[in-house]
Amino acid sequence: PARLVWAALGKTVELPCDLTPPTPQDSVKLLLWFKDTTGIPLYSLDSRGGNVKLAPHAAIASDLGQRLFFSIGDNPKDSRLQINDVKPEDGGVYRCRVDFFNSPTRNFRHNLTLVVPPEEPRIFDAQGKEISQLAGPFREGYELFLCCQVRGGRPPPKVTWWRDDTELIGTSHTSVEEGATMMVNQLLIGTTTRDFYGVRIECRAQGTRLVEPVRKDVTVQVYLKPVRVKIATPNELLTAGHPVPIRCESWGSYPAAKITWLLDGEPIRNAEVTVHSDKEDGNITTSILTLKVTSENDNAELTCRATNPWFSGGAIEDKRIIRVAYPPTVSVHLANEDPSRLVTRAEGQNVTFKCRADARPPVTSYSWFKNGMRMSGESLEIMHLTQLERESAGAYACGATNTEGETRSTSLALKVQFSPRCKSGTEQTSIGAVNLQSILAKCEVDADPPDSVRFSWTYNNTRNVSPVLNSRIQSNGLASTVTYLPQTDSELITLACWASNAVGRQTAPCLAPKACELRNDTILEVVCVAGSDGGLSQYFMLEVVGGDLLYSNDPGGSAGQAQGQGQGQGRGQFGEAIGLGENEISTLNDQATSAPIFRMQENSPQFRLNNLEPGREYQFLVYAVNAKGRSEPPVVIENVRVAAQLGPYETTHHGGGGVGGSGSSSGLGTGASTGSGPEKQSTLLILAAVVVIGAVVVTSIIVAGIVVVCRHRPRPPEPQEVRKSMRRMKLNELEEGGGRAAEIRARVAPPNAHHCGGGGMPGVGSSGGAIVGVAGPHHYISESFIQYAQPSLNDPDLILPRGELEFTTLDPTLK
């Protein structure tokens with residue numbers, strides 16, 4: 001039977017023919033090759049000469065004959081016919097006939113079949129989509145499936161998968177599609193490993209080794225998990241508020257890893273991040289975070305996380321604890337950690353503040369502030385305030401310093417509650433009144449807590465210290481008033497105002513010392529006590545301001561004129577200032593509330609006023625002056641009202657000079673007039689005599705009544721005793737008083753506190769440099785000034801006065 005021999009176009013094919021003789025003594029005589037049914041041999045070898053190797057060769061004269069050659073091997077079995085450059089028409093059945101000398105002829109038949117290569121393989125994925133170049137993507141750790149189909153080919157090709165030179169085991173089968181037979185090979189890899197990333201997988205179809213297999217390759221695309229992530233920037237101390245770039249690198253991910261930054265487990269949002277992937281090695285991804293930290297980030301955990309979105313749960317992380325250098329974060333609170341921002345303490349108590357600071361590097365020094373001002377001598381973490389005073393109250397803050405700077409805390413308010421004390425400027429207040437006319441003394445204090453403040457008053461005269469009955473006291477909040485009735489013209493007393501609250505009782509009472517006083521035995525006088533002269537020679541000055549007309553009894557309009565010893569004369573309604581003598585100066589005072597009518601200068605603080613017009617109201621200002629200037633503020637006596645004249649006057653002496661008010665029992669005021677004729681003088685003398693007689697009668701009645709009342713009263717001090725008891729004191733306010741013949745309301749300005757020593761400014765109204773009132777041998781018209789002395793009573797409200805004080809106002813119709 002014919003033996004199948006495959007031949008490839010253009011290749012060389014060999015058709016074997018065994019020349020071995022059946023017996024050793026026999027040999028080949030003739031060799032002939034035929035094709036198909038052709039009777040003419042294609043090739044011949046005639047060895048009848050005895051040696052087949054030396055026998056001549058002959059081939060048919062054709063294209064095929066030119067490509068034929070019979071080769072005799074060393075072993076006769078290996079002899080064969082070679083057909084070079086096989087062509088399609090060369091296919092067919094070839095027969096080799098061997099004739100021997102003694103043995104029968106032997107024939108060998110070969111079916112020369114031409115090899116037909118298959119079509120190019122086609123590769124499909126699991127979804128049946130044909131792949132041209134790139135297979136995938138497949139995911140690391142998941143399946144990889146590819147299918148290769150090959151149509152045609154003779155002999156039928158064998159389809160295989162190859163990776164490099166290694167065959168991949170797949171499953172082959174035959175399939176028929178549209179009447180054509182196809183060879184199929186399916187490749188299934190259960191777990192795709194990282195080494196498949198980017199490799200080329202080849203599908204081969206080969207029917208015989210005579211020809212090269214038909215190939216189709218694709219590149220496998222594999223998505224990979226990141227295998228490593230690292231924060232590459234050294235872990236150094238960061239500075240709060242300063243941006244710092246931090247680099248993180250990830251390897252092994254495809255596509256490029258997504259890098260996320262986290263701080264204490266929370267993603268860092270709105271941060272500046274730069275991402276870079278290495279083109280040569282797509283598995284490397286770099287992220288640069290510009291991190292701006294605060295003090296709160298100290299000891300926070302910084303995380304760089306790398307993920308591939310194609311994988312769930314495939315994230316890897318690198319973490320570090322960051323250290324932040326920051327200025328101190330400071331707070332102040334009580335030492336017992338009480339978080340209250342308002343601390344309330346009473347005077348005399350203690351309080352301890354603690355400064356709590358969080359800082360890196362640690363705090364090197366502390367400082368303390370009160371009301372925004374740095375406190376000297378305080379440099380520790382804890383500050384003790386002992387024996388608190390009212391002035392201790394304020395807003396306290398602490399500061400802490402390290403190498404990054406100094407930080408100050410918010411303030412903690414310290415409120416110091418204190419027992420009552422006199423309101424500033426009212427510690428000593430002068431109050432003046434006409435005798436037997438009630439006056440109202442007012443006391444104002446500061447206290448905390450201000451509620452439930454209770455007041456008590458005491459009075460001190462030359463005999464004793466006694467409480468003021470509660471019925472005489474009116475208290476409202478932080479103020480209290482008491483009504484007092486002077487008993488005699490020369491009475492000099494001291495009222496003391498006491499207050500208490502929940503913290504305690506007032507330690508020193510509010511005092512009202514006497515300063516300047518008004519007198520009018522026969523003429524109006526202002527008498528003061530000189531204070532310190534500052535080491536320079538000083539003189540004293542009185543200014544008269546005002547002149548508003550209240551009433552007038554001079555129908556001729558001449559009530560505004562007065563004659564004083566022929567040395568000065570008032571014109572009109574004192575609208576023009578006129579010199580009144582050697583001691584009077586007519587210049588204006590630019591520091592007064594209004595221009596003075598006139599100004600008097602004396603070497604001692606005693607001023608005689610003999611030209612004030614009745615029916616007018618005036619204001620007196622008293623200064624002490626030396627080479628450095630004058631005392632400020634002046635002693636002010638306000639609302640001095642001059643009543644109409646009631647008695648005779650002398651033309652050769654100063655005019656009238658008496659001042660007073662309606663309702664006075666003294667009746668000593670005399671008016672001024674411009675009249676000078678003898679008739680008018682006689683008339684005035686008659687009128688004066690009548691008035692004096694009537695006054696004597698009324699006075700006798702009043703004196704009798706007073707004697708009866710006074711038998712039950714303590715004896716008032718004599719003027720000499722008053723003068724001995726007086727002392728230098730502050731001057732603040734001279735309030736209302738009144739009299740029948742003259743009415744005076746005076747206010748005394750607060751003292752000037754300047755004490756310059758030698759050559760300094762003169763003082764007014766202070767204990768060490770003041771104009772302070774004295775008692776003289778004159779009759780008091782505007783007096784009953786009140787001077788305080790600290791009482792020696794434990795509870796003055798429980799002690800009754802020695803002799804009931806009469807706070808009633810006398811009937812103004814009495815004369």
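This is a predicted model: local features need pLDDT of at least 70, side-chain atom pairs count only at pLDDT 80 or more; totals for chains, interfaces and linings use all residues.

Trainee: Let us begin with the cysteines. How many disulfides does a search of the whole structure find?

Mentor: First the general idea. A disulfide is a covalent bond between the sulfur atoms of two cysteines. Here the search finds five disulfides. Take Cys17 and Cys96, with sulfur atoms 1.8 Å apart. Cys17 is in the loop between β2 and β3, and Cys96 is in strand β8, so the pair ties together parts that are 79 residues apart in sequence.

Trainee: Are Cys17 and Cys96 buried or exposed?

Mentor: Cys17 has a relative accessible area of 0%, so it is buried. Cys96 is also at 0%, so it counts as buried.

Trainee: What is the handedness of the link between Cys17 and Cys96?

Mentor: Look at the torsion about the S-S bond. For Cys17 and Cys96 it is -65°, and the link is left-handed.

Trainee: Where do Cys148 and Cys203 lie?

Mentor: They form another disulfide, with 1.7 Å between the sulfur atoms. Cys148 sits in strand β13 and Cys203 in strand β18, 55 residues apart, so to speak a link between distant parts of the chain. Both cysteines are buried. The S-S torsion is -90°, and this link is left-handed.

Trainee: And Cys248 with Cys304: what is their S to S distance?

Mentor: A disulfide joins them at 1.8 Å. The torsion is about -90°, so this disulfide is left-handed. It links distant parts of the chain: Cys248 is in strand β22 and Cys304 in strand β27, 56 residues apart. Cys248 is buried, and Cys304 is too.

Trainee: What does the side chain of Ser79 reach?

Mentor: Two backbone atoms are listed for it. One is the nitrogen of Gly73, at 3.4 Å. Another is the oxygen of Pro76, at 3.2 Å. Setting aside neighbours within four places in sequence, Ser79 is in contact with several residues, including Pro16, Cys17 and Phe70.

Trainee: Is Gln387 buried or exposed?

Mentor: Exposed, with a relative accessible area of 54%. Gln387 is in the loop between β34 and β35. Now compare sequence with space. Gln387 and Glu347 are 40 residues apart along the chain, and their C-alpha atoms are separated by 6.8 Å. Leaving out residues up to four places away in sequence, Gln387 touches Gly348, Gln349 and Asn350.

Trainee: How many aromatic pairs does the structure hold?

Mentor: Six. For each pair, read the distance between ring centres and the angle between planes. Tyr142 and Phe311 have centres 6.5 Å apart and planes at 45°, so the pair is tilted. Tyr142 lies in the loop between β12 and β13 and Phe311 in the loop between β27 and β28, so the pair ties together parts that are 169 residues apart in sequence. Tyr142 is partly exposed at 37% relative accessible area, whereas Phe311 is buried at 9%.

Trainee: What are the distance and angle for Tyr223 and Trp310?

Mentor: They are 4.6 Å centre to centre, with 50° between the planes, and the pair is tilted. Tyr223 is in strand β19 and Trp310 in the loop between β27 and β28, 87 residues apart. Tyr223 is buried at 11%, while Trp310 is partly exposed at 43%. Together with Tyr197 and Tyr254, these two form one aromatic cluster.

Trainee: Which residue lies over the face of Trp162?

Mentor: Arg204, at 4.1 Å from the ring centre. Likewise, Arg408 lies over the face of Phe369, at 3.7 Å from the ring centre.

Definitions and conventions. Residues are numbered from 1 along each chain as its sequence is written. Side-chain values use heavy atoms; hydrogens and water are left out. A polar contact is a pair of N or O atoms within 3.5 Å; within protein, one must be able to donate a hydrogen and the other to accept it, and residues adjacent in sequence count only if both atoms are side-chain atoms. Contact means heavy atoms within 4.5 Å. A disulfide is a pair of cysteine sulfur atoms within 2.5 Å. Helices (H or I, at least four residues) and strands (E, at least two) are DSSP runs, numbered from the N terminus. Buried means under 20% relative accessible area, exposed over 50%, partly exposed in between (1.4 Å probe, protein chains only). Rings of Phe, Tyr and Trp (its six-membered ring) pair if their centres lie within 6.5 Å; planes under 30 degrees apart count as stacked, over 60 as edge-to-face and the rest as tilted. A charge sits over a ring if NZ of Lys or CZ of Arg is within 6 Å of the ring centre and within 35 degrees of the ring normal.
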